[in-house]
Amino acid sequence: MDIITSSEFNDICNNINTIIVKFGRINQPKVFEKDGKTIIKLFYPKQKWLSSDRLNPRALRFYKNIQSLHQQGYDVPRIIKIQYCSDLKIYLVYYDKIEGDDVRKLVNQGALDLLHSVAELVAGLHQNGIFFRSIHLENLLYKPDGTFALLDITDVRFKSRPLTLHLRYRNLKHLLLERNDKEIWQKFGVDNFLAAYFRHVTLPPASRERLSRMIYRAIK
């Protein structure tokens with residue numbers, strides 16, 4: 001990991017024109033694109049004194065999660081390098097841009113059937129004991145070869161067995177209640193998504209019924 005000064009950090013930001021994502025009340029840049037082939041993701045310090053980020057920085061969790069997911073066969077960003085601005089306590093993670101479009105964009109353009117494949121992907125994650133906490137349609141990239149890549153994987157838990165019903169519920173609830181995708185799920189139908197999901201999991205009938213009830217209760 002390279003250590004850079006605040007002056008070097010400002011030079012990096014000033015020499016990049018394409019800002020992909022902003023966040024916060026003052027619209028701080030969060031993700032840059034450089035030269036059309038490299039992504040730079042910024043990790044700002046948490047404001048809370050007791051934040052776990054002080055002991056386990058999110059940038060390093062992002063890096064470790066990429067390694068773990070890659071080992072399990074998932075397509076994830078390939079890290080080029082990590083920089084740390086000690087003056088500002090900001091991490092910069094450089095990784096190769098993955099070609100493709102996010103699922104939200106494609107579905108809004110009419111590719112509604114793609115959600116069947118998303119259901120299969122989510123089911124596979126759950127069966128493999130992977131809790132992708134930030135999952136939503138914009139964090140799933142559909143590649144030209146017809147496969148998916150996972151983005152924004154800072155918060156991921158890895159279990160040694162398939163996810164419990166409670167964790168499946170939490171993950172599906174997060175996905176299906178994402179406010180930016182409300183119209184998408186109304187068009188496709190939550191029942192269609194769950195039916196596709198259940199085709200790729202090993203849950204007994206009673207557990208499937210219980211999970212369905214929990215989901216329908218949450219989305220009412």
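How many salt bridges does the rule count here? The count comes to ten salt bridges, a salt bridge being a side-chain nitrogen of Lys or Arg within 4 Å of a carboxyl oxygen of Asp or Glu.

1. **Before you start.** This is a predicted model, in which local features need pLDDT of at least 70 and side-chain atom pairs count only at pLDDT 80 or more, while totals for chains, interfaces and linings use all residues. Residues are numbered from 1 along each chain as its sequence is written, and side-chain values use heavy atoms, with hydrogens and water left out.

2. **Two domains.** The protein chain is split into domain 1 (2–96) and domain 2 (101–219), with bounds that come from an automatic or database domain assignment. Their C-alpha centres are 26 Å apart. Domain 1 brings 14 residues to the contact and domain 2 brings 16 residues, where contact means heavy atoms within 4.5 Å.

3. **The area between them.** About 1,200 Å² is buried between domain 1 and domain 2, and carbon and sulfur atoms give 58% of that. Buried area here is the accessible area (1.4 Å probe) that two parts lose on being put together, summed over both. On the side of domain 1, N65, Y74 and D75 lose the most area to domain 2, together 45% of what that side buries.

4. **Polar links across the interface.** The rule finds three salt bridges across the interface of domain 1 and domain 2. It also finds six residue pairs in polar contact there, both residues at pLDDT 80 or more. A polar contact is a pair of N or O atoms within 3.5 Å; within protein, one must be able to donate a hydrogen and the other to accept it, and residues adjacent in sequence count only if both atoms are side-chain atoms.

5. Strand 4 and helix 2 (58–71) are the elements that give two or more residues to the side of domain 1 that touches domain 2. Helix 2 gives the most, with seven residues. Helices (H or I, at least four residues) and strands (E, at least two) are DSSP runs, numbered from the N terminus. The residues of this side of domain 1 divide into seven nonpolar, three polar and four charged. In that sorting, Ala, Val, Leu, Ile, Met, Phe, Trp, Tyr, Cys and Pro count as nonpolar, Asp, Glu, Lys and Arg as charged, and the others, Gly among them, as polar.

6. **K41 and D152.** Have a look at K41, which lies in strand 4. K41 pairs with D152 in a salt bridge whose closest N and O atoms are 3.5 Å apart. At 6% relative accessibility, K41 is buried; the classes are buried under 20% relative accessible area, exposed over 50%, and partly exposed in between (1.4 Å probe, protein chains only). Setting aside neighbours within four places in sequence, the contacts of K41 include F62, Y91, D152 and T154.

7. **T38, also worth a look.** T38 is found in strand 4 (residues 38–43) and is buried, at 13% relative accessibility. Apart from neighbours within four places in sequence, T38 touches F32, E33, I80, Y94, Y95 and K97. Between the C-alpha atoms of T38 and A111, 73 residues apart along the chain, the separation is 27 Å.

8. **R104 and its partners.** What does R104 pair with at 3.2 Å, N to O? The partner is E138, and the two side chains meet in a salt bridge. R104 lies in helix 3 (residues 103–108) and E138 in the loop between strand 8 (130–132) and strand 9 (140–142), so this pair ties together parts 34 residues apart in sequence. R104 is buried at 10% relative accessibility, whereas E138 is partly exposed at 39%. R104 also forms a salt bridge with E178, with closest N and O atoms 3.9 Å apart. Because E178 sits in the loop between helix 5 (165–176) and helix 6 (182–188), that pair ties together parts 74 residues apart in sequence. E178 is buried, at 15%.

9. K143 is found in the loop between strand 9 and strand 10 (148–150). Leaving aside neighbours within four places in sequence, K143 is in contact with residues including D75, I98 and F148. K143 forms a salt bridge with D145, the closest N and O atoms being 3.8 Å apart. D145 is exposed, at 52% relative accessible area, while K143 is buried, at 17%. Elsewhere, salt bridges that share partners join R104, E138, E178 and D181 into one network.
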